[in-house]
Amino acid sequence: MSNHRHMLFKLLRGEKSSKKHSFPVTDIMKLIKGSTAFQANKILKRKGQFWQHESYDHWVRDDKERENIIRYILLNPVKAGFIQNWQDWKWSYCKENYLPYL
């Protein structure tokens, strides 16, 4: 799983709707990619672009679709043959209330 990452997150809408308090997906991804690229380049003692520019986002439309996405994300390293149980992948995290889907 060294060439891509999966994330599922919920965009929260607060009472304040000004631009200052808005976090579109593109801004969130920019923050995530920027900080992780900086850290990875530091560890690898290199400079320059780390992540590809592409990303894929998708609005989850219902609970069943969310269940399928959670299952896909958690089982991805198992399917790739890196581990036998999704719990053994140290980079996975899932809130406990979503785990009954597995």
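This is a predicted model: local features need pLDDT of at least 70, side-chain atom pairs count only at pLDDT 80 or more; totals for chains, interfaces and linings use all residues.
## Around the ends of H2

Just after helix H2, Gly81 takes a positive phi of about 85°. Helices here are DSSP runs of H or I with at least four residues, numbered from the N terminus.

Residues are numbered from 1 along each chain as its sequence is written, and side-chain values use heavy atoms, leaving out hydrogens and water.

## The helix itself

H2 covers residues 63–79, which makes 17 residues. From first C-alpha to last it reaches 23 Å, close to the 24 Å expected at 1.5 Å a residue (the expected span is 1.5 Å times one less than the number of residues). There's a kink of about 30° at Ile73, shortly before the proline Pro77; the bend is the angle between axes fitted to the seven residues ending there and the seven starting there.

## What's tucked away

Which residues of H2 are buried? They are Glu67, Ile70, Ile73, Leu74, Asn76 and Pro77, where buried means under 20% relative accessible area, with a 1.4 Å probe and protein chains only. Ile70 counts as buried because its relative accessibility is 5%. The C-alpha atoms of Ile70 and His6 are 9.6 Å apart, though 64 residues separate them along the chain.

## The whole chain

The chain has two helices and zero strands. Of its 102 residues, 18% count as buried.

Technical notes
Buried means under 20% relative accessible area, exposed over 50%, partly exposed in between (1.4 Å probe, protein chains only).
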